[in-house]
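I opened this notebook to keep track of what I looked up. The entries follow the order in which I went through the model.

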Amino acid sequence: MFKKILIANRGEIAVRVMRTCREMDIQTVAVYSEVDAAAAHVLEADEAVLLGESEPSKSYLNIDRIIDTAEKTGADAIHPGYGFLAENPDFAENCESSGINFIGPPSHVIRDLGNKTLARTIMEKAGVPVIPGMLKATTDTALLCQEAEEMGYPVLVKAVSGGGGKGMRVVSAREEMEEACLSAMNEAKKAFGDGSLYLEKCLESPRHVEFQILADRQGNAVHLFERECSIQRRHQKIIEETPSPAMNPSLRKAMGDAAVSAVLASGYVNAGTVEFLLDRSGRFYFLEVNTRLQVEHPITEMTTGIDLVRQQLEIAAGTPLPFKQQDITRRGHAIECRIYAEDPEAGFFPSPGLVLFHQEPSGPGIRNDCGIYSGFEVPMEYDPILSKLVVTAGTREAARMRMIRALESYVILGIRTTIPFLIDVLKSPEFAKGDTYTDFIERHFDNWSQNMEASNLARIAYIVDELTASTKPSAGLKERGCPTPWETLGEWRM
Amino acid sequence: MKFCLKIAQETVDVDVSSLDGKQDTEFTIGEEIYHVRYKAISDSCLHLVVDEKSTEVFVVRGEQEKHIFINGQTFSVQDDDQFPSRPARRRGIEQAPGDVTPPMPSVVVRIMVKEGDLVKQGQGLIVVTAMKMETTLKAPNNGRVIKINTTVDAKVAPGDILVEIEKEEKSQ
């Protein structure tokens, strides 16, 4: 097993990876940008190295600097987390040629699957159903407009090397097409270094269902069941759950088999996720393979009892999978809510800034993978994820109620977060019924605003805070008037 | 004691009196009367018993307001006596209705108009990016772009007037 691992990421995911490393007695190296000098992942690691300026290209996307840091610190492997360089084949290739173990699939697999149009071709050959759309990407907006015309609106504009909703737009009319392409291209170029786009036919309110897979170097592959991630804003998931409310045993078997075939067809090694869209008639279509640890991996961990990061490390170190498909079972229901620094009343616009107060929820069945603390300044340079709140319970309904309780006791003050919005989604009858489709938020929560019922209570709290200002107990005993040890020790000598 | 507290642009008078000279109090907010007992648990945590219902709330002081957390909801509460409302940031001028300002600190990516252009309400003017998301700032009304106060790659903040738009004359 590895002795020391460099985590080429920041925030909650870097912290999460380090926790498993610690449990496996592996040393950790954090890397950080100037603005992240006191970020949670820097505090968690055994050692931390400054990469450079806050601009991602000078820090978390700086391949040479990261490889150099791994060599200097003596790290024998790099875990890329998600985002940043996680799905960058050049980075994986650089690791391979520098003799550093990249914890993820081989670079050629990332390259093949990261090219969304090539991935579609591979899947079609393996007999996995794909969504109708273009098989070649382009940066020519005129060509994209022409293709859209032939396909018929609405269409989905997608970055060929995209992920996480970046560089993706739904276009419902001709007039919006050109600006959508330019904007998606620019976003994709910035996030992935490649602005090429392609089109897919837009399915009508599908569900997003994905399968977690693990594949070892010996050619064994298993799936760890599905995750339903239909609740999205800007094509980015905000609530995920497992099992999917739409699933039945025969559909699960068919989709799970397709996911494993997809993996085997691409020569995949390590943990990955095969994403599908599921339409209302129960037909499913391959969407893409995420060649990394997913943001929402904890719900799979909580229901299967398998630590996915540990499996990633074991696979990367050459250990065969310790279980077969029939050995994998799961228990209960898990839900994850992503807590973002965003203002849900202002179209989920990012809301960076200083966290004045932070208190995590606790109690039975609660896990919070978190990258912030009281006094942390959330930088504007990076993804606005603050933490991932995960609950597990025996049934979906029990998990839903538990999540509401957890959200209602999750205190983050100073910046706007998605918490009040998430509470309303969890409480909605549509969510309670499991009627979750990818257009859920536009359909049920357009122009959402916070419930103001408690505003008089807030006024009372304001005044009580004034009234008690002088008598507040602070942490620890009061220092005032107490002599210091230097005064009381007198003539004693050490 | 009287307070004048603002939440989301709504200012309400609150009158507080102590029933026992201590923590047993009565709050009058508009028509409503609340019986309140309280205790400070820590610097930021208060225990309130309002009409015999117990609640834990969190209060911290921000720049111009207090941030208050109650059961997953957060409120920004301002006391006009304590935090006199300040003029628009940096430029120190009242923001006019035709001015375009970013909703948060961000970086300018593209400027899609030039000075002198006639624009329609809702037309995209400037694209800004923050936390890897791009957002298009749109024209608040029909009119002519009289001034652009920013450049591509500039770091901008709420209150910075990026584009000034003069309302189109009716006669035109």
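**Strands in chain B**

I started with strand β12 of chain B, residues 124–130, and found 6 bridges joining this strand to β13(B), with the two running antiparallel. The model is a predicted one. I looked up one facing pair and noted that B:Ala130 stands opposite B:Met133 in β13(B).

Next I looked up the sheet. In chain B, 4 strands make an open sheet with antiparallel pairing, in the order β13-β12-β10-β15. Which are the edge strands? I wrote down β13 (133–138) and β15 (155–156) of chain B, since each of them pairs on one side only.

**Aromatic rings**

I then turned to rings and noted 13 aromatic pairs over all chains. A:Phe211 belongs to strand β9 (residues 207–215) of chain A and A:Phe276 to strand β12 (residues 270–278) of chain A, so the pair ties together parts 65 residues apart in sequence. Are these two residues buried or exposed? I found both A:Phe211 and A:Phe276 buried.

I also listed one aromatic cluster, formed by A:Phe348, A:Phe421, A:Phe440, A:Phe445 and A:Trp448.

**Charges over rings**

Last, I looked for arginines over rings. A:Arg233 has its charged end over the ring of A:Tyr340, 4.5 Å from the centre of that ring. A:Arg280 lies over the face of A:Tyr437, and here I noted 3.7 Å from the ring centre.

Technical notes. Residues are numbered from 1 along each chain as its sequence is written. Chains are lettered from A and ligands numbered from 1 in the order in which they are written. This is a predicted model: local features need pLDDT of at least 70, side-chain atom pairs count only at pLDDT 80 or more; totals for chains, interfaces and linings use all residues. Side-chain values use heavy atoms; hydrogens and water are left out. Rings of Phe, Tyr and Trp (its six-membered ring) pair if their centres lie within 6.5 Å; planes under 30 degrees apart count as stacked, over 60 as edge-to-face and the rest as tilted. Buried means under 20% relative accessible area, exposed over 50%, partly exposed in between (1.4 Å probe, protein chains only). A charge sits over a ring if NZ of Lys or CZ of Arg is within 6 Å of the ring centre and within 35 degrees of the ring normal. Two strands pair if DSSP finds at least two bridges between them.
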